[in-house]
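Colleague: I'm new to this one. Could you walk me through how to read it?

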Amino acid sequence: MLKKIKVQDATVGMYVHEICSSWMDNPFWKKSFKLTKEKDLKALSHYQIKEVWIDTSKGLDVHVEAKSVSVEEEKLQINSALQQIAAQEKKIIPRIPLKDELLRAKKKLAEAKKNVITMFNEVRMGNAIKLDQAADMVEEINQSITRNPDALLSLMRLKTANDYTYMHSIAVSGLMIALGKELDLDSASVKEAGIAGLLHDVGKIFIPSKVLNKAGQLTDEEFAIIKTHPQKGWEQLKLSGEIHDITLDVCLHHHERIDGKGYPDQLSGEALSTFARMASICDVYDAITSTRCYKASWDPAESLRKMAEWKDGQFDNTLFSAFVKTIGIYPSGTLVKLKSGRLAVVTEQTEASLLKPVVKVFFSTHSMAHIMPELIDLSISPDSISNKEDPQQWGFDLKKFTDF
Ligand SMILES: [Fe+2]
Ligand SMILES: [Fe+2]
């Protein structure tokens, strides 16, 4: 049985199923491991892990007086927190149908990828970043997001481990723009947020690829090298002349946490700008929904739930709620089960409600057989979502059922 417990209640002999923290901040932990020595416990506290999931079938249980949370309780808590966000007022942003934007977004994304590769290569060769080129690219992303955010945001998830750094830059730019619009920022700030997203990880080009793309766990030393990328990126951007303060700030502070336990400056609370707080959310979401050399991706809805689990201390609460409103409780690409018993993949959000996206049904759980795929707008259908499902457990390749 899995139980979430406080680290101070952990003892030698317990089996840690998962630590409750973003693996981006803790890339040196094995996913699961047994606590065999006192020093394992000290390491958990040293790396500021507050809670862990333990598996009582593989190790000791927690003592009876200690507080623990079951998987079901955790699920209920997170679902109710997400439902509360869904009940909040959401800005209505008009959009064109997804099918009218998808092809154009595909072309724009291919162009943007080429441009980002060229831009990063230039920097690698010691040349300054051409800011006007970055601004043009962001304008294209901005226009696509304005027409229909689901087109580009869905396409951007389909990256490979090889093109990760470039596609991640474009994805964080797109997410920053979409979040900026949800927050009602003025158009100049939205654009600057997009440029900041595009350039936030430019410092990674100075990290040796054998460290950056290492397939196994990182050592402390290797993680220390990776942690230099915000500072290195900031120094590089400083050389580029007329760079906006927002971009400099996001580049330097996108790995800070609201509780001051991030890096490089351990800034906390009010010391962190809105843009740096926005970037830390967009950055983590895109990283965990992407396949990396060392990590398979999580599906979008699962990623959102993990982030909701970690959010206290890591993210700004208000901005996290705005982010959920931006991508939906059931983001595009999520496998869901409908009350009618049909399985469907979410293809697009609707203006009506975060709980009523457009879905494509393709499987009946009653007959356990595929059915004729059909698009259903849940905002005008009597059917509704009963829960999200794990595509891996069902063994479906959802790409077959979507156009992205
Ligand atoms: Fe980064
Ligand atoms: Fe990043």
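Colleague: Let's start with the metals: which residues coordinate the iron ion (ligand 1)?

Modeller: Some ground rules come first: this is a predicted model, where local features need pLDDT of at least 70 and side-chain atom pairs count only at pLDDT 80 or more, while totals for chains, interfaces and linings use all residues. Residues are numbered from 1 along each chain as its sequence is written, chains are lettered from A and ligands numbered from 1 in the order in which they are written, and side-chain values use heavy atoms, with hydrogens and water left out. Now, donors are N, O and S atoms within 2.8 Å of the metal (3.2 Å for Na, K and Ca), and sites may look incomplete because water is not among the atoms. Here D201 (OD), H229 (NE2), H254 (NE2) and H255 (NE2) coordinate the iron ion (ligand 1), at 2.1 to 2.2 Å. Along the chain these donors follow the spacing D-x27-H-x24-H-H.

Colleague: Why is the arrangement around the iron ion (ligand 1) irregular?

Modeller: Ideal angles at a metal are 109.5 degrees for four tetrahedral donors. In practice, four donors count as tetrahedral if all angles lie between 85 and 135 degrees; four count as square planar and six as octahedral if opposite donors are over 155 degrees apart and all others between 65 and 115, and anything else is irregular. The 4 donor atoms around the iron ion (ligand 1) subtend angles of 87 to 178 degrees, so the arrangement is irregular.

Colleague: And which residues coordinate the iron ion (ligand 2)?

Modeller: That set is H168 (NE2), H200 (NE2), D201 (OD) and D283 (OD), at 2.1 to 2.3 Å. Its 4 donor atoms subtend angles of 78 to 174 degrees, which makes this arrangement irregular too. D201 sits in the loop between α7 and α8 (209-212) and D283 in helix α12 (residues 274-288), so the pair ties together parts that are 82 residues apart in sequence. Helices here (H or I, at least four residues) and strands (E, at least two) are DSSP runs, numbered from the N terminus.

Colleague: Is D201 buried or exposed?

Modeller: Buried means under 20% relative accessible area, exposed over 50%, and partly exposed in between (1.4 Å probe, protein chains only). D201 counts as buried, at 1% relative accessibility. D283 is buried at 2%, and H229 is buried at 1%. For contrast, take L185 in the loop between α6 and α7: its relative accessible area is 25%, so L185 is partly exposed.

Colleague: What is L185 in contact with?

Modeller: Contact means heavy atoms within 4.5 Å. Setting aside neighbours within four places in sequence, L185 touches G180, V190, F275 and M278.

Colleague: How about a helix: which residues of α4 are buried?

Modeller: An α-helix has 3.6 residues a turn, so residues three or four places apart point the same way. In α4 the buried ones are L131, A134, A135, M137, V138, I141, N142, S144 and I145. What covers them includes α3 (98-124), α5 (149-157), α6 (164-182) and α7 (187-199).
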